[in-house]
Amino acid sequence: MFVEDIAVGSEHTLALCSTGDVFAWGCNSEGQLGISHANQVKEPTLITALQGKNIRQISAGRCHSAAWTTPPPTTRTPGSTVPVQLGIPPMIPPQYGMLKDCCPETLTNRLRVLFHFSDLMHKSWRLLNLNSNNQ
């Protein structure tokens, strides 16, 4: 097993291994590590919810993480071609049952809003008075 990809968020890190397993560590105050608690994690911890999902790519933002899957590879003969689909998938993969009622376009739009909100909050962070002593 070796590390294929690293994704670094604002205060957390993800590592994708050659086996498809994803490990996470760092700040977890928003649940961005995808584990069962919101405590800080100091050492790489396996994200068990992603095991067996055939993860191929990871990404991390300020307070979120993402993982992309692909269908299991088909058995091919040398010289044969594999059809490739780029862009938004026509349907939600069955392993994401809680998203079954959302169409891919709706999810794309929601992720765009989340990204812009996260970007806006990060830029405005210093404007927010988060010190409870100065009321």
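Here, "partly exposed" means a relative accessible area between the buried limit of under 20% and the exposed limit of over 50%. Keep that in mind as you click through this predicted model.

Start by selecting Val3, which sits in strand 1 (residues 3-8). Val3 has 46% relative accessibility, so it counts as partly exposed.

Next, go to Ala7. Leaving aside residues up to four places away in sequence, Ala7 touches His12, Thr13, Leu14, Ile58, Ser59 and Ala60. Ala7 also belongs to the largest nonpolar core, a set of 12 residues. To see the rest, select Leu14, Leu16, Val22, Ala24, Leu33, Val41, Ile47, Leu50, Ile55, Ile58 and Ala60. Strand 2 (12-17), strand 3 (22-26) and strand 5 are the elements that give two or more residues to this core. Which of them gives the largest share? That's strand 5, with three residues.

Check its backbone: Asn54 isn't a glycine, yet its phi is positive, about 60 degrees. For context, most residues other than glycine have a negative phi.

Last stop, the cysteines. The whole structure has zero disulfides. Select Cys27 and Cys63: their sulfurs are 7.2 Å apart, too far for a bond, because a disulfide needs the sulfur atoms within 2.5 Å. Cys27 is buried, at 18% relative accessible area, while Cys63 is partly exposed at 43%.

Terms used:
Residues are numbered from 1 along each chain as its sequence is written. This is a predicted model: local features need pLDDT of at least 70, side-chain atom pairs count only at pLDDT 80 or more; totals for chains, interfaces and linings use all residues. Side-chain values use heavy atoms; hydrogens and water are left out. Helices (H or I, at least four residues) and strands (E, at least two) are DSSP runs, numbered from the N terminus. Buried means under 20% relative accessible area, exposed over 50%, partly exposed in between (1.4 Å probe, protein chains only). A nonpolar core is a set of buried Ala, Val, Leu, Ile, Met, Phe, Trp, Tyr and Cys residues joined through side-chain atoms within 4.5 Å. Contact means heavy atoms within 4.5 Å.
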